[in-house]
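Subject: Structure handover and notes

Dear colleague,

I am handing over the structure we spoke about, and my notes on it follow directly below. Please read them with the model open beside you.

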Amino acid sequence: KCVHFTDDNVLVGSRNGIKRLEALCEMIIESKECGDFPKDFLFNCQTRIEDLQIVDNNRKRWVNRELLRLMKSAGFHVVSLGVETFSGRLQKCPPINKNINIDDIKSVLDTVLEEGLVPKINLILGIPETTVDEILLSMEIGAEYMRKGCQLSVGTAMLSMPGARIYNNPNYE
């Protein structure tokens, strides 16, 4: 009844990655229309906030609504997003090191909701540099988005896995 793509790169934000997902969605829609695939079959996936954004030549960002609408038409339901933290400072720290800001995160979450999909926010409260105030901020904003219809997943400790940028960094256990 459901497939969950558990790879962060399902929606690789490159032009080819987006074309690949669009082609998959089109195939699913066609298969459902001709009866080869159950109409009520659902798909869930993981992705990064930045992979749902389009960046123009002036570095302006906006959410790729067309892609979200196509995903919804194909039967995508939950989109799990690696938000990690709602602290702008922590977004820039070495363990997270993302090129997004809180406005980007909120814009993506709000747009995913508006397009009828369910965002699942993945937070990590135990990022090494986290202060108590930043933990409370992430919990407060996370709860705000739960009330809007998001799901919330909370990790208490950040673990460094092989391949992570900080895995061999002596400043992090």
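Of the residues that line the largest pocket, 13 are nonpolar, 11 are polar and 6 are charged. Please keep in mind throughout that this is a predicted model. The mean pLDDT of the chain is 91, with 98% of its residues at 70 or more; within the chain, confidence is lowest in strand β3 (residues 53–55), where the mean is 84, and highest in α5, where it is 97.

To stay with the pocket, the space in it comes to about 820 Å³, and among the 30 residues of its lining, those closest to the centre are Asp-8, Glu-84, Pro-95, Lys-98 and Met-158. Four strands, namely β2 (42–47), β5 (76–84), β6 (118–124) and β7 (151–155), each supply at least two residues of that lining, and the one that gives the most is β5, with 4 residues.

Glu-84 is placed in strand β5, and its phi is near 70°, a positive value in a residue other than glycine. Is Glu-84 buried or exposed? Its relative accessible area is 18%, and because the cut-off for buried is under 20%, Glu-84 counts as buried.

A positive phi, of about 50°, is also found at Asn-97, which is likewise not a glycine. Asn-97 lies in the loop between α3 and α4 and, at 40% relative accessibility, counts as partly exposed.

Asn-97 is in turn one of the residues touched by Gln-91, whose place is in helix α3 (residues 88–92). Gln-91 has a relative accessibility of 0% and therefore counts as buried.

As for the aromatic residues, the structure holds 7 aromatic pairs. One of them joins Phe-41 and Phe-43 in a tilted arrangement, with 5.3 Å from centre to centre and 55° between the planes, and both of these residues are buried. Phe-41 and Phe-43 also belong to one aromatic cluster together with Phe-5, Phe-37 and Phe-76.

Lastly, Glu-114 in helix α4 (residues 102–114) is exposed, with a relative accessible area of 53%. Glu-114 and Arg-65 are 49 residues apart in sequence, while their C-alpha atoms are 9.4 Å apart in space.

With best regards

Key: Residues numbered from 1 in each chain as written. Predicted model: local features only at pLDDT ≥ 70, side-chain atom pairs only at ≥ 80, totals over all residues. Heavy atoms only, no water. 1 Å grid on protein atoms, 1.4 Å probe; cavity = no way out; pocket = protein on both sides within 12 Å on 5 of 7 lines; lining within 4 Å. Points joined across faces, edges and corners; volume = space filled by probe spheres on them. Nonpolar A, V, L, I, M, F, W, Y, C, P; charged D, E, K, R; others polar. Phe/Tyr/Trp six-rings, centres within 6.5 Å; stacked < 30°, edge-to-face > 60°. Buried < 20%, exposed > 50% of the residue type's maximum accessible area, 1.4 Å probe, protein only. pLDDT = per-residue confidence, 0-100. Contact = heavy atoms within 4.5 Å. Lists of a residue's contacts leave out its neighbours within four places in sequence.
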